[in-house]
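Hi,

Here is the structure I promised to hand over. Have a look at it first, and then read my notes below.

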Amino acid sequence: MSLQTNLPGLPMKNPVMPASGCFGFGEEFAKWYDLNTLGAIALKATTAEPRFGNETPRVAETPAGMLNAIGLQNPGLEKVVSEKLAWLKALETPLLANIAGTTMEDYEKVAAELSSTNLIGALELNISCPNVKEGGIAFGTDPDLAAELTKRVKKAASCPVYVKLSPNVTDITVLAKAVEQAGADGLSMINTLSGMKIDTRSKKPLLANGSGGLSGPAIKPIAIRMIYEVRKQTELPIIGMGGISTCDDIIEFLMAGADAVAVGTANFTNPFICPELIEELEKWTLEQGMTSIQDIRRQGVIS
Amino acid sequence: MSLQTNLPGLPMKNPVMPASGCFGFGEEFAKWYDLNTLGAIALKATTAEPRFGNETPRVAETPAGMLNAIGLQNPGLEKVVSEKLAWLKALETPLLANIAGTTMEDYEKVAAELSSTNLIGALELNISCPNVKEGGIAFGTDPDLAAELTKRVKKAASCPVYVKLSPNVTDITVLAKAVEQAGADGLSMINTLSGMKIDTRSKKPLLANGSGGLSGPAIKPIAIRMIYEVRKQTELPIIGMGGISTCDDIIEFLMAGADAVAVGTANFTNPFICPELIEELEKWTLEQGMTSIQDIRRQGVIS
Amino acid sequence: MKKENMTICSNQEIAENTFEMELTGALVQDIQAPGQFLHIKPSHENVPLLRRPLSICDADQRGGTLSIIYRTEGIGTNLLSKKTNGETVDVLGPLGNGFSLSDINQEQTALIVGGGVGVPPLYGLARELARKGVHVETVLGFSDAEALFYEDAFKETGNVYVSTVDGSAGQKGFVTDVIDQEDLAFDRLYACGPTPMLKALENKFPKAEGFISLEERMGCGIGACFACVCHTQTDPEGSEYRKVCSDGPVFPLREVVL
Amino acid sequence: MKKENMTICSNQEIAENTFEMELTGALVQDIQAPGQFLHIKPSHENVPLLRRPLSICDADQRGGTLSIIYRTEGIGTNLLSKKTNGETVDVLGPLGNGFSLSDINQEQTALIVGGGVGVPPLYGLARELARKGVHVETVLGFSDAEALFYEDAFKETGNVYVSTVDGSAGQKGFVTDVIDQEDLAFDRLYACGPTPMLKALENKFPKAEGFISLEERMGCGIGACFACVCHTQTDPEGSEYRKVCSDGPVFPLREVVL
Ligand SMILES: Cc1cc2nc3c(=O)[nH]c(=O)nc-3n(C[C@H](O)[C@H](O)[C@H](O)COP(=O)(O)OP(=O)(O)OC[C@H]3O[C@@H](n4cnc5c(N)ncnc54)[C@H](O)[C@@H]3O)c2cc1C
Ligand SMILES: Cc1cc2nc3c(=O)[nH]c(=O)nc-3n(C[C@H](O)[C@H](O)[C@H](O)COP(=O)(O)OP(=O)(O)OC[C@H]3O[C@@H](n4cnc5c(N)ncnc54)[C@H](O)[C@@H]3O)c2cc1C
Ligand SMILES: Cc1cc2nc3c(=O)[nH]c(=O)nc-3n(C[C@H](O)[C@H](O)[C@H](O)COP(=O)(O)O)c2cc1C
Ligand SMILES: Cc1cc2nc3c(=O)[nH]c(=O)nc-3n(C[C@H](O)[C@H](O)[C@H](O)COP(=O)(O)O)c2cc1C
Ligand code: FES
Ligand code: FES
């Protein structure tokens, strides 16, 4: 039996990775467990320049979910390479570097420099961050812009490129097909849904930023539906995410059409969630008498 | 102190109504309490012909939410008038008749006949049901079609017309403005988000229909964000809904910009939810020393 | 029909993953017939969100208590199984029609057929029938000996035959096999259990009179949301329907499409 | 630093809407300094979803217990308040840096200023300081007499002055009023409480040395999500930052923007 999952640029020993922005650059979690148990690691978004992000409060709790408006805080390209990647180098686990920007040039620059380090397995284009105007959300909702950006980043980068799709669209399959035609090597989906919470005592939005991105179990049915729809339209590899917190959730994502999964918000509730899920998934696969986790996808959903 | 809320066609003694499809035509709830305590009643969608709807299972539970794919089951225009409205006639509570159809002609016909009974206060155009191809979802995602439909129904109907917006769009304000310009008297938002759950034991979507509409607390942050965005663009009356289950939720919706609210899924958990919330809202308004519930909206959100 | 915080008097495992819970509260007095059900909120929070339909197994209206028997399937029933004496549970009920006792007489024979957690509503029925002087024969089908419960309880109402799929208790096979083997005859048939079992019974006894109790995923439980509808056998493709929650859960044999 | 199901030894209301909970478990042994905090999951379900940060009030490492004091604010703390002895709570901790005791000496005076539920982490600190032979003076501010707690407990560590906003206990006014009135002098200041209180202290003693403990809404609690950052006073608009959960919650006076 094998959980081995080979995606472009990401030879994963299991299909589970922490999701971008929910795991920093791994340093904190390395204190809790061996990061080599992970299938891959999606790094926090890197931008060309350092960013402080939004003011606090940056998170709010909602029913079975949370809103965040971190605002892409990160130390900037230079330090990500010199400090974060330098530290991550010691790991065997393949890295998926999430990148964001304001302009196409930003994306190209970050993509070129990160991939040229040869320390990352693949890039994940964040064109779907709902929390900063410059987070690329326009690229994420306009299929032409998304395709153009994908093309340019593909040219700039020396490694495979995944595009992370926004769920805040009328028809996600249109975006998926647009970036596929533009040469994307894979898809990540879904990013957070734009949401808001108002503090009725202060009469103000609870987040300093006003709105934020909704993640966690609450959005799982939306993620599943979108992956299911996109899978019917393309054979591109899909990294599925959105509310995963149990082994059954992972299986549900794989059945919907994902090839691998990312776990985001659940890392906050349980820092051990990723290794725990990997272990459970291994057990489940054995119980099912499967020879490979890929069997789930091959069977697909009977509907 | 007064909870009185006057919307076009709906002189409501409080801003709380059950949401369409979650209250049938009121008969069942009349066994539990006096329906005259309600601000209004949004009736189940009426179509020109009787509909059985989708096969079962039609509902599935999700984290802090539920999926439904009822498929607009209803006895059809004729019986709605002869049986349901005939029974509802005895109430003082104003009625908001939700209507759906496959073609513009369907909508016109149902709108004309229902409004000509003079038994309903206003119509709610359901152009956002995600669960049936004929549920008008195309009208709900294309601003031109939405505007055209609104115009035609306005002409056919002899009462105010609310348009119920779909959250499954890239920018809900575009739709809101389109139907406003087409003459809508008000907006209802939001309908359910399209979602899916896969039963990992059977490897099939849990709902017979495949996908369904996500409702309940899980979607509240999305509803609040959308109402907040639309409110910045229009002064049309908004009936807000999506996950309301507490008095604080109602206040949050009013602060976001809603003029009245509808309670959907929560009726299933607690059949007394509407009268209970009305009572709590009255108490809260008194405690706040408000003279009218409209004060909340007038203050608006400070952001 | 009430919404009430009922108090738990006892909650214990009576078979593998199967619990019996005794509850006390005013709504016990509203029970009209065996086969009615409760719609139970397993938690005061939003997760799980919906109520769970569970049949009333037995009721003691003088003592003001009722019992339910449930198998731990998912989140809701597992939460219920962890509750302890004195805690309260938010209950809506009694709901549904229940079994009618009026069309069977003292001298006649009732065949009761229950499968798995379809057994509970039949217990109250068996007791009422026996009390009325009806001759009661019961066939209970389970997956295996571990899942078996209430065999002795039913014995107080008449003969009991047990079947298990693996033969670890009673006869090996399905309830229909037992009925064949024992050559059971009856005036009225009452059944509750998995749909394949109910179908097998309708096929086996195409002219029998009697009632079956159905399960369907529910929203409201009170007839308002149309989650739980089924087609009728007279109009299997049309717009005619029955709601399991309010027209049922008990239907005459062959009324609805299984 | 562990994730552990700690067992509740006691959980009782010690002031209006304020509870003290004693917990036992292995992670007590990992506590490094007073002022560290726990990240607690109030429910095993998905609602509420996030953990709640609550300061360690006191720890008995020999006995293997620690205590927290919390005010019931929203869903999480209300759920906690309903838990009973013997139940377990999912705890991540100890987290954060805590107060450093190394820069104050035996003969010196520590002024401890706590406001409301900012008081708990200062209790462990007061005890450690007193044990070290430091002269401890404590000012506790509350909204009113009903909210007051731990006055006597702090008395075991030195003088205690109380203020309440409405004057129903101690002196009427804010903690800064008491400090004025009593003309309290100190070598080191330690404070925790509402931000306006901390700001008032920084303004009042612009050159004082000492530490303050901050609150911020948190995601992970371990430094990974960047929910809890604050600006530094040396770079108030820039990209420099501190994370309350892992660089704090205790910071030197005037290090971060309040
Ligand atoms: C009228 C009626 C009477 C019933 N009586 C009994 C009984 O006496 N004993 C017993 O053990 N079970 C009974 N059931 C089945 C019982 O309702 C389900 O096992 C239970 O709802 C599962 O909930 P869960 O949270 O544990 O499972 P989950 O799978 O977590 O539940 C998810 C959702 O699906 C629904 N669901 C799952 N299975 C069923 C089912 N079989 N029928 C209806 N809804 C379902 C749940 O109510 C919930 O909304 C009855 C069902 C009906 C309709
Ligand atoms: C380091 C630290 C130590 C703390 N120590 C204590 C203590 O010892 N005693 C005590 O009573 N309180 C303390 N607090 C505040 C405590 O965390 C909140 O009161 C609590 O999280 C509220 O949760 P709730 O579910 O009851 O409220 P809700 O309003 O329902 O919580 C919703 C969300 O907001 C967060 N939140 C709400 N208020 C605060 C707040 N003031 N600070 C941080 N997050 C908040 C919650 O954690 C949760 O994620 C501390 C906070 C921090 C950051
Ligand atoms: C605090 C937080 C920060 C995030 N930051 C990023 C980010 O920098 N880049 C990105 O592509 N997605 C980011 N995301 C989105 C997640 O990667 C993921 O797509 C989303 O949260 C859904 O998964 P979940 O429900 O498991 O959290 C962030 C999410 C959270 C909660
Ligand atoms: C079972 C069910 C049936 C519904 N039927 C309709 C309908 O017929 N017409 C309509 O406009 N909306 C329908 N809705 C949507 C609700 O009116 C409401 O917009 C949505 O559920 C969000 O509110 P809630 O979260 O309070 O349920 C239905 C929702 C549910 C759960
Ligand atoms: S469950 Fe709502 S109609 Fe039956
Ligand atoms: S709470 Fe996540 S970094 Fe501090």
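In this predicted model, a side-chain N or O atom of Lys164(B) sits 2.7 Å from an oxygen atom of ligand 4. That is a polar contact, meaning a pair of N or O atoms within 3.5 Å; within protein, one must be able to donate a hydrogen and the other to accept it, and residues adjacent in sequence count only if both atoms are side-chain atoms. On its own, ligand 4 has 610 Å² of accessible area, and the protein covers 97% of it. (Accessible areas come from the Shrake-Rupley method with a 1.4 Å probe; for residues, only the protein chains shown count as cover.)

Which residues come nearest to ligand 4? They are Ser20(B), Asn98(B), Lys164(B), Gly243(B) and Thr265(B), out of 22 around it; a residue counts as near if one of its heavy atoms lies within 4 Å. By class, this shell has eight nonpolar, 13 polar and one charged residues. For the classes, Ala, Val, Leu, Ile, Met, Phe, Trp, Tyr, Cys and Pro are nonpolar, Asp, Glu, Lys and Arg are charged, and the others, Gly among them, are polar.

Some housekeeping: residues are numbered from 1 along each chain as its sequence is written, while chains are lettered from A and ligands numbered from 1 in the order in which they are written. Local features need pLDDT of at least 70, side-chain atom pairs count only at pLDDT 80 or more, and totals for chains, interfaces and linings use all residues, with side-chain values based on heavy atoms and hydrogens and water left out.

Now over to chain A. Ligand 3 has 22 residues around it, and Ser20(A), Asn98(A), Lys164(A), Gly243(A) and Thr265(A) come nearest. Oxygen atoms of ligand 3 lie 2.7 Å from a polar backbone atom of Ser20(A), 2.8 Å from one of Gly216(A) and 3.0 Å from a backbone N or O atom of Ile190(A). Taken alone, ligand 3 exposes 600 Å², of which the protein buries 97%.

Next, ligand 1, which is with chain C. It is surrounded by 22 residues, the closest being Arg52(C), Pro53(C), Gly76(C), Thr77(C) and Arg217(C). A polar side-chain atom of Thr77(C) lies 2.4 Å from an oxygen atom of ligand 1, and an N or O atom in the side chain of Arg52(C) is 2.7 Å from an oxygen atom of the ligand. Arg71(C) uses a polar backbone atom, 2.9 Å from an oxygen atom of ligand 1. The protein buries 88% of the 820 Å² that ligand 1 exposes when taken alone. Two or more residues of the shell come from each of β4 (52-55), β6 (65-71) and α1 (75-81) of chain C, and β4(C) gives the most, with four. (Helices, H or I with at least four residues, and strands, E with at least two, are DSSP runs numbered from the N terminus.) The shell around ligand 1 divides into twelve nonpolar, four polar and six charged residues.

What about the interface between chains B and A? Chain B and chain A each put 38 residues into the contact, where contact means heavy atoms within 4.5 Å. Together they bury about 3,300 Å², 68% of it on carbon and sulfur atoms; buried area is the accessible area (1.4 Å probe) that two parts lose on being put together, summed over both. On the chain B side, Met196(B), Thr200(B) and Lys203(B) lose the most area to chain A, together 19% of what that side buries. Nine residue pairs are in polar contact across this interface (both at pLDDT 80 or more). There are zero salt bridges, a salt bridge being a side-chain nitrogen of Lys or Arg within 4 Å of a carboxyl oxygen of Asp or Glu. The side of chain B that touches chain A has 20 nonpolar, twelve polar and six charged residues.

Last, some backbone details. Most residues other than glycine have a negative phi, and most peptide bonds are trans. The bond from Thr56(B) to Pro57(B) is cis, with omega near 0 degrees, and Pro57(B) is in the loop between β4 (41-42) and β5 (59-62) of chain B. Gly248(C) to Pro249(C) is also cis, with omega near 5 degrees. Asp183(C) has a positive phi, near 55 degrees, in the loop between α4 (175-182) and β12 (188-192) of chain C.

Cheers
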